[in-house]
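This briefing walks through selected features of a protein model. Look at the structure below first, then read the points by topic.

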Amino acid sequence: MNALDRKLLRDFQRLWAQALAIALVLACGVAILLTTFGTYISLEDTRSAYYERNRFADVFADANRAPLWLMQEVRQIDGVLAADARISKFAVLDVPGQEETVTARLLSLPDNGNLQLNLPVLREGRLPSPGSDHEVAVNQPFAKANNLRPGDTFRANLNGYQRVLTLTGTLLSPEFIYTIGPGALMPDNEAFGIVWMRQTAISAAYDMQGAFNNVTLKLGRNANIDDVIDRLDDMLAPYGGLGAYGRDVQLSNSFIDSELEQQRTGAIILPPIFYAISAFLVSMVIGRIIALERSEIGLLKAIGYSNTEVCIHYLLLAILIALAGTLIGWAAGTWLARALARLYAQFFDFPYLIYNLSYTAYALSGLLAIASAGLGAARSAMRAARLPPAVAMAPPAPPRFKRRFLDQILTALHLSQPVMMILRSLMRWPVRSAFTVLGFALAAAVLVASGFFTSALDEMIDTTFNRSNRQDAILLFDPGVPETALASVTRLPGVLRAEGQQFQSAVLRNGHLEKEAAIEARRPGADLARIISTDGQAIDPPGHGLLLSRRLAAQLAVRPGDVIEVEFLGGINETHKVPVTGVVTQYVGLGAYMDIETLSRLLRQAPQITVANLKVDPKALPELHHVLKTTPNLSGLVLLDKMQRSFEATIRENVVIMTTIYLTVAVLITIGVAYNGARIQLSERARELASLRILGFSRGEVSFILLGETMLLALIAQPLGWLFGAGIAAALAEGSSSDLYAIPLVLKPAGFATASLVVLAAALISSLAVRRRLDRLDLVQVMKTRE
Amino acid sequence: MNTVFRTQDLSKVYDTGDLKVRALDGVDLELFSGELAVLLGPSGSGKSTLLNILGGLDHATAGKVWFRDLELTSLNDRSLTRYRRDHVGFVFQFYNLVASLTARENVQLVTDVAPNPMPAEEALAQVGLEHRLDHFPAEMSGGEQQRVAIARAIAKRPEVLLCDEPTGALDSKTGIQVLEVLRDVNDRLGTSTAVITHNAGIRKMAHRVVYFLDGRIDRVEENTTRIAPAEISW
């Protein structure tokens with residue numbers, strides 16, 4: 001190792017605190033890039049491999065009951081490579097040891113074993129024997145959650161008949177990577193499962209011989225998916241077709257899509273911020289070092305080192321910092337990516353994970369770190385290289401302070417000299433001051449944005465569970481039952497109050513714009529499941545016409561008073577013109593509401609219900625479950641209290657993780673900016689400050705000048721940080737808005753205050769760490785040292 | 001005697017916007033191989049400017065400079081760097097040691113890049129610092145630091161040694177030690193040496209003394225008898 005390299009290493013050692021402060025900020029960028037980019041790639045790779053190997057379908061459709069011979073025509077549709085007809089039903093299970101009612105989706109397996117699409121992966125045991133009427137396989141997570149093993153039995157209510165089913169094996173399917181039950185907000189493997197049964201058994205139980213109610217298609221590479229969907233809709237329409245859809249709307253797939261989108265956004269938006277701040281910090285620190293080492297640079301040149309060698313020497317210092325940041329970032333990123341993979345394992349059921357935390361992700365994040373540090377140092381290093389040796393050997397000229405317009409104002413204000421020193425210094429280095437403010441502002445913005453998540457979720461949970469959905473349980477009926485059945489529901493044990501609702505699938509159309517939606521029909525004055533607008537009002541659907549959620553109205557470009565076409569799906573394929581009578585702003589779902597009388601009149605039938613909302617005496621719950629397990633026509637049960645608890649627990653856990661990460665990030669940015677800023681000021685002002693001490697200034701007064709500038713900049717940054725934070729929050733709210741939900745933009749004063757307090761406190765503590773150096777300053781020594 | 005340096009009508013003007021400072025104003029000078037020359041004059045008289053130009057640290061505004069047959073005033077930055085690396089040793093008033101490197105490593109800074117250097121240990125032994133090899137600058141006295149600087153300058157076996165106020169920051173005792181080292185190097189290695197000083201006492205140890213005044217050479221004296229550094233009255 002040559003002497004210049006040894007100098008490099010020693011300089012790095014000497015600067016460790018400043019280097020670490022920068023390296024940590026850089027590490028945030030590296031870690032986040034590695035995590036988001038790595039997770040994105042591994043999730044995407046895993047999903048496409050899984051889809052490819054297990055032939056995940058491209059188009060899905062449900063109907064009431066279609067004849068099997070229709071499949072010949074379906075297979076003839078232009079672009080269709082393969083098609084599977086299945087029977088799909090919802091049923092209530094009675095699982096041993098499980099007091100609560102369990103809901104399952106039953107799916108048929110062909111008896112001859114030639115399933116073509118959505119091939120399940122056998123995880124344990126075997127498939128049900130062809131022709132067997134009692135053997136079933138279930139999805140692996142459901143078996144795990146309920147402690148079911150091959151050979152175990154459980155009871156099921158199939159079409160009103162109690163049956164004992166024997167488990168032969170557990171499966172995973174590309175259709176159910178994300179498995180969520182009807183009416184649920186998130187996966188609950190204990191309460192909802194997928195049950196595969198042989199076709200003969202299921203068609204016998206549901207009287208579906210020679211028929212199917214679910215079809216999936218695989219399309220050729222050049223097929224036009226919209227045309228195929230249109231053709232399929234036309235074919236299924238006479239058989240109660242419920243509207244075909246592509247992968248983008250398939251529940252499991254669309255959840256993974258939204259997760260991928262989040263990772264992608266994360267990879268694009270966040271890391272550049274950290275890389276940019278690091279570049280600024282590196283430029284500030286290297287700039288100062290070069291100013292301090294002016295004479296050493298002169299010396300190096302005097303003894304024959306070339307401009308390039310000098311330039312590289314200082315660039316290498318920046319690169320060492322970048323390497324430190326990269327290593328810390330890689331470690332943190334690898335750990336974070338593992339944690340994220342564990343989190344995904346909770347929600348996503350893959351048979352394997354192609355976990356290429358690829359070399360590309362490592363290389364890219366590291367190269368960007370080195371590039372940003374290098375860029376930050378480049379200007380200073382090049383200045384050092386260009387510094388003529390004779391000039392470098394001479395002491396630098398004192399910074400040129402000039403009287404400007406602002407100075408006249410300052411003079412007029414009769415400020416004290418220390419305050420004047422602070423303000424003049426800010427104006428003397430406006431770019432540096434501006435970047436410092438920007439750094440602090442970004443730290444505050446990150447905190448404001450993270451606080452927004454908590455407030456928004458509180459608001460959503462309060463609206464969804466406390467004001468809108470006040471029922472304890474929801475009973476699901478498939479097919480629907482007459483509204484008069486509500487009387488028998490009321491007589492169930494422990495039921496204090498019951499209200500009915502009908503969900504009717506329909507296509508809403510305005511000109512060329514159309515959207516499939518479930519129209520929710522109810523009686524006025526329903527008190528258990530209410531429609532709550534964002535201003536907290538409970539609203540009843542109008543006596544005639546449709547009440548639409550604002551996002552649905554926007555998608556259809558309609559306003560109250562407009563008339564839209566409503567095409568009912570599932571049996572009664574009629575189209576009616578219905579006026580839009582109102583619009584309500586809501587967070588969850590794309591709601592469309594109608595009075596149940598109006599809907600029944602349009603459907604020309606006695607009022608039906610598909611859902612019963614219950615208020616239940618908690619003491620009677622076990623008895624209620626016992627009865628429900630044998631209730632005919634019941635296809636599912638949702639317990640609101642349990643759902644709210646699991647929703648809150650999961651979301652809270654995620655919010656705590658997110659908040660911790662954001663807080664760490666904000667504090668690291670603040671430390672990086674404040675500590676380096678104060679260190680550089682101390683170094684620039686050591687003589688000045690020592691002179692003041694000699695003139696009789698106290699330690700406190702001298703510290704005031706040192707800390708004053710940093711803290712003043714931190715203060716100035718706060719309003720800017722609030723503004724950025726609100727902007728980021730708005731972008732996050734906007735970006736996360738989907739058909740499933742919209743995150744409300746809730747910004748509370750407390751959130752802004754907390755953000756500012758954290759940033760100011762971190763800035764103060766970082767500056768105080770530098771102040772300790774000021775206290776130790778040897779006055780005589782400093783005055784003797786040549787600048 | 002061979003000429004090492006020759007200048008012809010050399011001028012240097014520092015232009016700082018409103019103010020033009022004429023640091024050198026038509027200097028014609030020859031320095032000879034193996035001689036120890038002292039450049040004497042008040043501060044601002046142009047000695048350091050001349051030394052910087054001779055050492056290839058600075059460019060002249062007008063006039064010409066030759067190092068042997070090499071015209072320095074025609075060289076670009078890259079060639080000047082080459083010239084400094086191969087031929088010149090510098091000693092400065094404030095030592096200019098790299099604080100983060102030990103004595104040995106400071107010398108190695110030069111031996112790493114010079115074409116035919118002596119080992120760093122040998123250079124330090126030449127200045128009597130063989131027992132301080134692994135000390136950092138902060139652990140040494142001013143005189144020792146300056147001797148490290150001299151060791152660093154001679155380690156490349158330079159043809160010329162340019163010293164700018166080498167004793168300016170030292171007390172008389174350590175200053176004399178440093179001068180003894182310079183004289184010793186000049187005597188034993190035959191290195192042509194130019195020493196800038198405003199301490200008139202030092203002139204008596206030189207072969208020749210060049211007096212500067214207002215950017216010009218006032219006069220040149222030759223010492224018929226030289227005295228040893230120890231005899232110099234400070």
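**A sheet in chain B**

In chain B, six strands form an open sheet with mixed pairing, in the order 6-7-8-3-9-10. The model described here is a predicted one.

- One facing pair is B:Leu36 and B:Thr193, the latter in strand 8 of chain B.
- As background, strands of a sheet pair through backbone hydrogen bonds, in either a parallel or an antiparallel way.

**Chain A as a whole**

- Chain A contains 22 helices and 22 strands.
- Along the principal axes, the C-alpha atoms of chain A fill a box of roughly 100 × 55 × 50 Å.
- Of the 787 residues in chain A, 45% are buried.
- Among contacts in chain A between residues at least 6 apart in sequence, 85% join residues at least 24 apart.

**Strand 6 of chain A and its two partners**

- Is strand 6 (residues 135-139) of chain A mostly covered or mostly uncovered? Strand 6 of chain A is mostly covered, since five of its five residues are buried.
- Strand 6 of chain A pairs with strand 8 (residues 161-172) of chain A in the parallel sense, over five bridges.
- Strand 6 of chain A also pairs with strand 9 (residues 192-198) of chain A; these two run antiparallel and are joined by three bridges.
- A:Val138 stands opposite A:Thr170 in strand 8 of chain A, and A:Val138 also stands opposite A:Val195 in strand 9 of chain A.
- In general, side chains in a regular strand alternate between the two faces of the sheet.

**Helix 9 of chain A and the helices it meets**

- Helix 1 (residues 3-14) of chain A and helix 9 (residues 307-347) of chain A have axes that come within 10 Å and cross at roughly 40°.
- On the helix 1 side of chain A, the residues in contact are A:Leu4, A:Leu8, A:Asp11 and A:Phe12; on the helix 9 side of chain A they are A:His313, A:Leu316, A:Leu317 and A:Leu320.
- Sorted by class, this contact between helix 1 and helix 9 of chain A has six nonpolar residues, one polar and one charged.
- Helix 9 of chain A also packs against helix 10 (residues 359-386) of chain A, at an angle of about 150° and with the axes 7 Å apart.
- Because angles over 145 degrees count as roughly antiparallel, helix 9 of chain A is roughly antiparallel to helix 10 of chain A.
- The crossing of helix 9 and helix 10 of chain A is right-handed.
- The contact of helix 9 with helix 10 of chain A has 18 nonpolar residues, 10 polar and one charged.

- Most residues other than glycine have a negative phi.
- A:Asn159 is not a glycine, yet has a positive phi of about 55°.
- A:Asn159 lies in the loop between strand 7 (153-158) and strand 8 of chain A, and counts as partly exposed with 16 C-beta neighbours inside 10 Å.
- A:Ala557, also not a glycine, has a positive phi of about 55°.
- A:Ala557 lies in the loop between helix 16 (550-556) and strand 18 (563-568) of chain A.
- Is A:Ala557 buried or exposed? A:Ala557 is exposed, because 11 other C-beta atoms lie within 10 Å and 12 or fewer count as exposed.

Terms used. Residues numbered from 1 in each chain as written. Chains lettered and ligands numbered in written order. Predicted model: local features only at pLDDT ≥ 70, side-chain atom pairs only at ≥ 80, totals over all residues. Axes fitted to C-alpha atoms, helices over the stretch in contact; angles between N-to-C directions. Helix = DSSP H or I, 4+ residues; strand = E, 2+ residues; numbered from the N terminus. Contact = placed C-beta atoms within 7 Å. Nonpolar A, V, L, I, M, F, W, Y, C, P; charged D, E, K, R; others polar. Buried ≥ 20, exposed ≤ 12 C-beta atoms within 10 Å, placed from the backbone. Pairing = 2+ DSSP bridges. Parallel < 35°, antiparallel > 145°, perpendicular 65-115°, else oblique. Left-handed = near helix turned anticlockwise from the far one by under 90°.
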